[in-house]
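Colleague: I'm new to this one and would like a walk through it. Could you show me the structure before we start?

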Amino acid sequence: MIRIGLPSTTPRRRRRLIMTHVEQSPPTSNLSVLESLGLPRNWLAAHQHIVSGVSPEIVVKLSKLLGSNTRTICQMIGISRDTLNRQIKRGNRLSTAQGDRVYWAALAVDAAISLHRGDTAKTMRWLTRSAWGLGGEKPADVITTPMGAQAVIDLVGRIRHGIPC
């Protein structure tokens, strides 16, 4: 007799396999990080938004969204907290390079939040722990560059689809 479906395991193991698959489904009703921050998802619109100058208050919004402090988010983005506070106080916009880092960090955080089904506490724990798929680096430390953020996004995709790192 040929069995099609789940591998030969105990009923308890089969239930755990099914629940693991269900838990990895992305959220359907939550706003994305980009939408919550008012950032465009379209690449050209994002480019234009970054070049025109991103408001430094977006870093504060991101920290509130994640339930974290501004210092942690500034470290994640690679912007000094003093510089951020100065720019907010003076009413300046972020430089193009800083805006680019904020955008890529938001993309990576968005992927991590979707992996954890909208649970920001789990997301922050995951971001601040070393990841085998990133060579032992913490995702929060890697997000500081666009290529690092892309590596985190790729890692989330590999985890979601069960691809070994």
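Modeller: What follows is a chat about the fold, the confidence, the core and a few single residues.

Colleague: Fine, what should I keep in mind about the model itself?

Modeller: This is a predicted model, in which local features need pLDDT of at least 70, side-chain atom pairs count only at pLDDT 80 or more, and totals for chains, interfaces and linings use all residues. Residues are numbered from 1 along each chain as its sequence is written, and side-chain values use heavy atoms, with hydrogens and water left out.

Colleague: What is the average pLDDT of the chain?

Modeller: The average is 85, and 81% of the residues score at least 70, where pLDDT is the predictor's confidence in each residue, from 0 to 100.

Colleague: And which elements have the lowest and the highest mean?

Modeller: Helix α1 (residues 11-23) has the lowest mean pLDDT among the elements, 43, while α3 has the highest, 96. Over residues 1-8 pLDDT stays under 50, and the model has five contacts beyond four places in sequence for them; a contact means heavy atoms within 4.5 Å. Residues 14-29 also stay under 50, with 13 contacts beyond four places in sequence.

Colleague: How many helices and strands does the chain have?

Modeller: There are ten helices and zero strands, both taken as DSSP runs numbered from the N terminus (helices are H or I, at least four residues; strands are E, at least two).

Colleague: What share of the contacts comes from residues 24 or more positions apart?

Modeller: Such residues account for 57% of the contacts in the chain with a separation of 6 or more.

Colleague: What percentage of the residues is buried?

Modeller: Of the 165 residues in the chain, 34% are buried, meaning under 20% relative accessible area, whereas exposed is over 50% and partly exposed is in between (1.4 Å probe, protein chains only).

Colleague: Which residues touch the most other members of the largest nonpolar core?

Modeller: That core has 42 residues, and those touching the most other members are Val59, Met76, Ile77, Trp126 and Leu127. A nonpolar core here is a set of buried Ala, Val, Leu, Ile, Met, Phe, Trp, Tyr and Cys residues joined through side-chain atoms within 4.5 Å. Among the helices that each supply at least two residues of this core are α4 (57-66), α5 (70-77), α8 (120-127) and α10 (146-161), but the largest share, twelve residues, comes from α7.

Colleague: What does tryptophan 126 touch?

Modeller: Not counting residues up to four places away in sequence, tryptophan 126 touches Ala112, Leu115, His116, Pro139, Val152, Leu155, Val156 and Ile159.

Colleague: Switching to the aromatics, how many pairs are there?

Modeller: Rings of Phe, Tyr and Trp (its six-membered ring) pair if their centres lie within 6.5 Å, with planes under 30 degrees apart counted as stacked, over 60 as edge-to-face and the rest as tilted. By this rule the count is two aromatic pairs. One of them joins tryptophan 43 and tyrosine 103 edge-to-face, 6.4 Å centre to centre with 65° between the planes. This pair links distant parts of the chain, since tryptophan 43 is in helix α3 (residues 43-52) and tyrosine 103 is in helix α7 (residues 96-115), 60 residues apart. Trp43, Tyr103 and Trp104 form one aromatic cluster.

Colleague: How does α3 begin, and what comes just after it?

Modeller: Asparagine 42 caps the N-terminal end of α3, with a side-chain oxygen 2.9 Å from the backbone nitrogen of leucine 44, and just after α3, glycine 53 takes a positive phi of about 105°.

Colleague: Where is aspartate 110?

Modeller: Aspartate 110 is in helix α7, and it counts as buried because its relative accessibility is 14%. A polar atom of the aspartate 110 side chain lies 3.0 Å from the backbone nitrogen of valine 33. Leaving aside neighbours within four places in sequence, aspartate 110 is in contact with Ser32, Val33 and Arg41.

Colleague: Last one, what is the phi of arginine 117?

Modeller: Arginine 117 has a positive phi of about 55° although it is not a glycine. Arginine 117 is found in the loop between α7 and α8, and it counts as partly exposed because its relative accessibility is 46%.

Methods
A polar contact is a pair of N or O atoms within 3.5 Å; within protein, one must be able to donate a hydrogen and the other to accept it, and residues adjacent in sequence count only if both atoms are side-chain atoms.
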